[in-house]
Amino acid sequence: MTDSYESFKKDVLQLTKIDLNAYKERQMKRRIDSLITKHHYTAYKQYVEALKKDKALFEEFVNYLTINVSEFYRNPEQWVLLEHQIFPELLRKSSSLKIWSAACSTGDEPYSLVMLLSKFMPLNRIKIIATDIDKQVLDKARMGLYNIKSLKGLPAEFLKKYFTAVSTTSYQISDEIKKCVEFKEHNLLKDPYPDRCDLIVCRNVLIYFTEEAKEGIYRKFNAALKQGCFLFVGSTEQIIQPEKIGYDTYQSFFYRRK
């Protein structure tokens, strides 16, 4: 690009409330430059002006910034742990659970949580808070239409019970599952966090943030949890020295608030 990326970051913050300083710069700049070049712009300022005028271009940009790779029951062995250890322990303390799926993308994760919890309690007692910064993926999540590829890890019992095939490759999730999830727009870097959570699930998102931003988010997650309750992170996001920010390691990828 022919002008300053620093100025572009300020323009993006003003336009979208997304702070690009919190993301790993080389990786994010490369993604953004690729998108801008695809649309034949040669300057950041030129592209920002186009974003202000073209709603479709703006939506594409936000969707591109918020990297959405999701699937049901991602890393199935961790969901086995959730079923056999985490949920039973939490339910011994309380008959109702407050669960937050942070950076939930297209809804695969919160819907997976609902289906798993349905093995422990009736659906009318389940409510998951699910948040993401990207309006487009939240709209997709509310629609509940999924490609068969994203369902490959889902237990067959759930696919049979809670999905309807709409084509050879697409499945619609049932309304009774959708009713259990409340989707909201939320920026992990700026917005207030839910409080007194029994479980926070935030997976495969913080790898894109700087170490400083990650630590800030982990500290805020800690404050949002009840004492003795759990944070579930992605398989590439183990916390180094968790005790320094208020956690004990429970199992790989599960941390308990001290």
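Modeller: Happy to. A disulfide here is a pair of cysteine sulfur atoms within 2.5 Å. This is a predicted model, in which local features need pLDDT of at least 70 and side-chain atom pairs count only at pLDDT 80 or more, while totals for chains, interfaces and linings use all residues. Residues are numbered from 1 along each chain as its sequence is written, and side-chain values use heavy atoms, with hydrogens and water left out.

By that rule, the count is 0 disulfides. Cys197 is in no disulfide, and its nearest cysteine sulfur, in Cys229, lies 9.0 Å away.

Now for the packing. The largest nonpolar core has 89 residues, and Phe8 and Phe221 have the most contacts inside it. A core of this kind is a set of buried Ala, Val, Leu, Ile, Met, Phe, Trp, Tyr and Cys residues joined through side-chain atoms within 4.5 Å. Setting aside neighbours within four places in sequence, Phe8 is in contact (heavy atoms within 4.5 Å) with Leu20, Ile32, Ile36, Tyr44, Tyr47, Val48 and Phe61. Helix H6 (residues 108–117) is largely enclosed by the rest of the structure, because 10 of its 10 residues are buried. Among them are Asp108 and Glu109 as well as Leu116 and Leu117. Helices (H or I, at least four residues) and strands (E, at least two) are DSSP runs, numbered from the N terminus.

The charged pairs come next. There are 16 salt bridges in the structure, each a side-chain nitrogen of Lys or Arg within 4 Å of a carboxyl oxygen of Asp or Glu. One of them joins the side chains of Arg256 and Glu89, at 2.7 Å from N to O. Arg256 sits in strand S10 (residues 254–257) and Glu89 in helix H5, so the pair ties together parts that are 167 residues apart in sequence. Glu89 belongs to residues 76–93, which form H5, and is buried at 15% relative accessible area, whereas Arg256 is partly exposed at 21%. Beyond residues up to four places away in sequence, Glu89 touches Phe230, Tyr250 and Arg256.

Lys29 and Asp33 meet in a salt bridge of 2.9 Å, N to O, and both lie in helix H2 (residues 25–38), 4 residues apart, or about one turn. Lys29 is partly exposed at 27% relative accessible area, while Asp33 is buried at 16%. Likewise, the side chains of Lys178 and Asp175 meet at 3.7 Å, N to O; they are 3 residues apart in helix H9 (residues 175–178), about one turn of the helix. An α-helix has 3.6 residues a turn, so residues three or four places apart point the same way.

Methods
Buried means under 20% relative accessible area, exposed over 50%, partly exposed in between (1.4 Å probe, protein chains only).
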